[in-house]
Amino acid sequence: MGRKKKKTINLTKLEPEEKLKYEIAEELGLLDRVMQDGWKSLTSKETGRIGGMVTGRRREIKKQTKIADENDEG
């Protein structure tokens, strides 16, 4: 069996959702491992932590957007 060709990730050209995921991985000190071996190299605990933090950040962004919209209306 052949190995899969490694895909180079350009961190500057990511969708906002993907960018957030990579930023959180960096904050947790996991980015080097992800960049070298891919997301599959993380444990389920690590990926769950990233997922939980992404969800929390999305909620916070939504909350901030809602507050800003209410301030614009008033």
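**Notebook: salt bridges**

I started with Arg57, which has a relative accessibility of 28% and so counts as partly exposed. The model I am reading is a predicted one.

I then asked which side chain Arg57 meets in a salt bridge. The partner is Glu27, at 2.6 Å from N to O. I located both residues: Arg57 is in helix H3 and Glu27 is in helix H1, so I noted a link between distant parts of the chain, 30 residues apart.

Next I looked up Glu46. The side chain of Glu46 forms a salt bridge with that of Arg33, and the N to O distance is 2.6 Å. Because Glu46 lies in helix H3 and Arg33 in helix H2 (residues 31-37), this pair ties together parts that are 13 residues apart in sequence.

My next entry is Glu17 with Arg58. Their side chains meet in a salt bridge, at 3.2 Å from N to O. Glu17 belongs to helix H1 (residues 16-27) and Arg58 to helix H3 (residues 44-73); the two are 41 residues apart, and the pair links distant parts of the chain. I looked up the exposure of each partner. Glu17 has a relative accessible area of 37%, so I recorded it as partly exposed. Arg58 is partly exposed too, with a relative accessible area of 43%.

Last, I asked how many salt bridges a search of the whole structure finds. The search gives four, and the pairs I wrote down are among them.

Technical notes. Residues numbered from 1 in each chain as written. Predicted model: local features only at pLDDT ≥ 70, side-chain atom pairs only at ≥ 80, totals over all residues. Heavy atoms only, no water. Helix = DSSP H or I, 4+ residues; strand = E, 2+ residues; numbered from the N terminus. Buried < 20%, exposed > 50% of the residue type's maximum accessible area, 1.4 Å probe, protein only.
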